[in-house]
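Hello,

Here is the structure I promised. Please look it over, then read my notes below.

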Amino acid sequence: MTEEMIGRVTSCVAKCQKLPPEKVTIDSKFEDLGIDSLDGVNILYALETEFNVSIPDEGVLGIKSVKEAVEALDKLISAGGANATAQAK
């Protein structure tokens with residue numbers, strides 16, 4: 001998990017939720033940011049677009065914080081590269 005990835009994820013979450021960027025940190029839980037399940041789906045779709053990956057449906061349910069989103073993206077990208085994962089869509 002790199003600082004660049006953390007920055008991109010926190011920025012994407014802040015932008016999707018129209019939150020001040022400084023309010024969203026690696027330790028932010030979606031619930032604490034006022035993000036409900038529908039918002040979470042929209043954020044994960046935005047992250048898929050941002051990173052050109054496909055987050056498996058079964059993985060979506062377990063993501064409830066910024067850190068979990070970063071870890072899931074890091075795992076996907078490390079497993080096969082962004083392009084290989086994106087082709088699995």
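Which helix gives the most to the lining of the largest pocket? Helix 2 (residues 37-51) does, with four residues. This is a predicted model: local features need pLDDT of at least 70, side-chain atom pairs need 80 or more, and totals for chains, interfaces and linings use all residues. Residues are numbered from 1 along each chain, and side-chain values use heavy atoms, without hydrogens and water.

The helices are DSSP runs (H or I, at least four residues), numbered from the N terminus.

Next, the two helices. The axes of helix 1 (residues 3-17) and helix 2 come within 10 Å. They cross at roughly 135°. Axes are lines fitted to C-alpha atoms over the stretch in contact, and angles run from 0 to 180 degrees between N-to-C directions.

Contact means heavy atoms within 4.5 Å. In helix 1, Met 5, Val 9 and Cys 12 are among the residues that meet helix 2. The helix 2 side includes Ile 43, Leu 47 and Phe 51.

Best wishes
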